[in-house]
Amino acid sequence: MSGTGIARRTIVIAGGGAVGLSVASLLALSSRADDLDIRLFEPRDVPVWETDRVDLRVYALSRASQIVLENLGAWAAVHAARAAPYRRMHVWQGECGARLGSLTFDSAEVGEPDLGNIVEDSLLRTCLTDVSHQAGVELTFGVELTAVEVRDRSVEITTSEGETLSAVALIAADGSGSTVRKLLKLPISSVSYAQRALVTHVSTERSHGDTAWQRFLPNGPLAFLPLSDGRSSVVWSTGAEHAEALCALPDGEFQDALQEASGGVLGEIAATVERVSFPLQAAHARQYCCPRVALVGDAAHTVHPLAGQGMNLGLLDAAVLADVLLRAQAEGEDFGDLRVLRRYERHRKGDNLGMLLALDALHRLFGISGSVVPSLRAIGLSTLDATPFAKAMLMRQALGLRGELPAAAKRRVA
């Protein structure tokens, strides 16, 4: 049963990104929220979404992620503001400028209105911040955790402002460089791809047609993701030195390089905003939890961005963890107990690791060179494109509609 002390009632969340805000809101909006004090600490300032500027950082949100946001009451605001649906995805292999094999996914083939939505990070965080605040979460921005001590019945926390507090559980949603994970010395396995992802937005001669375009090049994939204003968000994964050189090019030269790399699929290209890049790696925590502490989202795992699944995995983490904690609370269990937290780990670890390994294998497959390999890959793409059952299965997997889903990822019956 719920105790009366702070340590038995407070849940602290480190990290105010979309994953941290989602798990905070899911807990605070539950029917048993009166028994909980939810506190969230985020080192960055309060998120601000700019109506006249599209954020460079965007996510391809799956149907399962959309449903989580719907159940939180955040999706309507996100959708009304600036979500961009993509109804098709066209993938092809490009080597030496040749078009050797292609694959097209179409949402109509699985009876869905779209395959997902492209949503800005700042918009998502702004809407989720509003939901969290309205749900009664105590949000503290500009503050991070500096010390964590796990005890038998509580976790003791110190913040950068010198505040100390006691909680029954601590949820680390503080990103790939997780401070909580480092403070507790929780091991993580990682591999660097020696690549960087260049990100920018461009205007194109031809309409993106609500289609996500992705070309696999020898050094990594190049993606054009549709934006609601008609432009495309470019995510170009390539060698670290090449990415840095591309970022430094004058606009005209960059446009020429991007035009060549895209094979002119959308016609002439005009660069419209700045370019940034970030290093790529795959990482996976060897354990998602220890007594009183659970890792979610990038704090537990990061994957190659070639399929845009990172945020979707994190939101499912949030939904499953909220499910586990609320069920434990309803049954009178100590929901910071390791036996409880490991239910979350068992549910999510296999799926997350499977996605990480699949994307890693795909990345390595398209990086193999040789005279015969490109033709074999082309045959594989074309064969898959001609196999409706396999394509439908992959689309449903990407939509997040397969497997055992947590309550928050299921549409509620009115």
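Let me start with helix α2, residues 63-72, which is mostly covered, nine of its ten residues being buried. Buried here means under 20% relative accessible area, exposed means over 50%, and partly exposed lies in between, with a 1.4 Å probe and protein chains only. The buried residues of α2 are Arg63, Ala64, Ser65, Gln66, Ile67, Val68, Leu69, Asn71 and Leu72. Gly73 follows α2, and the phi of Gly73 is positive, near 85 degrees. Helices (H or I, at least four residues) and strands (E, at least two) are DSSP runs, numbered from the N terminus.

The model is predicted, so local features need pLDDT of at least 70 and side-chain atom pairs count only at pLDDT 80 or more, while totals for chains, interfaces and linings use all residues. Residues are numbered from 1 along each chain as its sequence is written, and side-chain values use heavy atoms, with hydrogens and water left out.

Now the protein as a whole. It has eleven helices and 21 strands. Of its 414 residues, 54% count as buried. The protein exposes about 17600 Å², and carbon and sulfur atoms supply 53% of that area; accessible areas come from the Shrake-Rupley method with a 1.4 Å probe, and for residues only the protein chains shown count as cover. Among contacts in the protein with a separation of 6 or more, 76% are between residues 24 or more positions apart, where contact means heavy atoms within 4.5 Å.

Next, a pair of helices. Helix α3, residues 75-82, and helix α4, residues 121-135, pack at an angle of about 145 degrees, with their axes 9 Å apart. The axes are lines fitted to C-alpha atoms, for helices over the stretch in contact, and angles run from 0 to 180 degrees between N-to-C directions. On the α3 side the contact is made by Ala77, Val78, Ala81 and Arg82, and on the α4 side by Leu123, Leu124 and Cys127. By class, this contact of α3 with α4 has six nonpolar, no polar and one charged residues. In that scheme Ala, Val, Leu, Ile, Met, Phe, Trp, Tyr, Cys and Pro count as nonpolar, Asp, Glu, Lys and Arg as charged, and the others, Gly among them, as polar.

I turn to the sheets. In what order do the six strands of the open sheet with mixed pairing lie? The order is β8-β2-β1-β12-β20-β19. Two strands pair if DSSP finds at least two bridges between them. The edge strands are β8 (138-141) and β19 (289-290), each of which pairs on one side only. Strand β2, residues 37-42, pairs with β8 in the parallel sense over four bridges, and Arg39 has Glu138 of β8 as its bridge partner. Helix α1, residues 18-28, lies across β1 (10-14), β2, β8 and β12 (169-172), and runs at about 170 degrees to β2.

A second open sheet has three strands in the order β9-β10-β11, with antiparallel pairing. Because β9 (145-150) and β11 (164-167) stand at the edges with a single partner strand each, one side of each is left without a neighbour in the sheet. The twist averages 20 degrees from one strand to the next. Five bridges join β9 to the antiparallel strand β10, residues 155-159; Leu145 has Thr159 of β10 as its bridge partner.

Ten bridges join β13 to β18, residues 276-285, and Ser192 is bridged to Gln281 in β18. Eight bridges join β13 to β16, residues 232-239, with Ala197 bridged to Ser237 in β16. Three bridges join β13 to β17, residues 269-271, where the bridge partner of Ser203 is Ala270.

Finally, two backbone angles. Most residues other than glycine have a negative phi. Lys185, although not a glycine, has a positive phi of about 55 degrees. Is Lys185 buried or exposed? Lys185 is exposed, with a relative accessible area of 71%. Asp210 also has a positive phi, near 55 degrees, and its place is in the loop between β13 and β14 (211-217). At 27% relative accessibility, Asp210 counts as partly exposed.
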